[in-house]
Amino acid sequence: MIVITRYTVAPEDSDDFVARATGALDALGQRPGYRSGTVARAADEPTLWTVVTEWDGPGAYRRALSDFDVRVAAVPLLSMARDEPSAFEVVARHPDAPA
């Protein structure tokens, strides 16, 4: 499962956003079922950012969100995300990609 959250961030707030997003990934990364996380900025629209995480499944992600440290570090950031679907079930993977 992957979770993709998108954010609109003013250029002057970029450093703060990266610090907050990295802190959120640090907290999420301590939870069972977490596989990886990335913070990225759109190449063609510098105010558009995304945080992408990969999980063993929806249960692991939901349980992670209930952890105290995650609620402190990640939930405030997630509440700033655009209001759109963010959790996606992986239905195919390139054969050379790690599981």
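**View 1. Alanine 40 stands opposite threonine 50 of strand S3.** This is a predicted model, and here we zoom in on a pair of strands. Strand S2, residues 34–41, and strand S3 run antiparallel, with seven bridges joining them. To get from S2 to S3, the chain goes through a hairpin of six residues.

**View 2. The largest nonpolar core has 20 residues.** Tyr7, Phe17, Leu28, Val51, Trp55 and Leu77 are the ones that touch the most other members. Who supplies this core? Strand S1 (2–8), helix H1 (14–29), strand S3 (48–55) and helix H2 (58–65) each put in at least two residues. H1 gives the largest share, with six residues. As a bit of background, nonpolar side chains in soluble globular proteins tend to be buried together.

**View 3. Here is tyrosine 7 with the residues it touches.**

**View 4. Leucine 28 sits in helix H1 and is buried.** Its relative accessible area is 4%, and buried means under 20%, so Leu28 counts as buried. Which residues is leucine 28 in contact with, leaving aside neighbours within four places in sequence? They are Tyr34, Thr53, Trp55, Ala64, Val70 and Ala74. Take valine 70 from that list: it is 42 residues from leucine 28 in sequence, yet their C-alpha atoms are 6.0 Å apart in space.

**View 5. Helix H2 has a buried side and a face turned away from it.** Ala60, Tyr61 and Ala64 are the buried residues of H2. Why are they on the same side of H2? Because they cover an arc of only 100 degrees around the axis. Residues three or four places apart in an α-helix point the same way, since there are 3.6 residues a turn. The buried residues of H2 pack against S1, H1 and S3, and also against helix H3 (68–73) and helix H4 (75–78). Over on the face turned away from the buried side, you'll find the exposed residues Arg62 and Arg63.

**View 6. An annotated domain covers residues 2–63.** The label comes from an unreviewed UniProt entry, which gives "domain: ABM" for this stretch. The span is 35% helix and 37% strand, and its end C-alpha atoms lie 15 Å apart.

Terms used. Residues are numbered from 1 along each chain as its sequence is written. This is a predicted model: local features need pLDDT of at least 70, side-chain atom pairs count only at pLDDT 80 or more; totals for chains, interfaces and linings use all residues. Side-chain values use heavy atoms; hydrogens and water are left out. A nonpolar core is a set of buried Ala, Val, Leu, Ile, Met, Phe, Trp, Tyr and Cys residues joined through side-chain atoms within 4.5 Å. Buried means under 20% relative accessible area, exposed over 50%, partly exposed in between (1.4 Å probe, protein chains only). Helices (H or I, at least four residues) and strands (E, at least two) are DSSP runs, numbered from the N terminus. Contact means heavy atoms within 4.5 Å. The arc is that of the directions from the helix axis to the C-beta atoms. UniProt positions are given in the numbering used here, feature names are shortened, and annotations may be inferred rather than shown by experiment. Two strands pair if DSSP finds at least two bridges between them.
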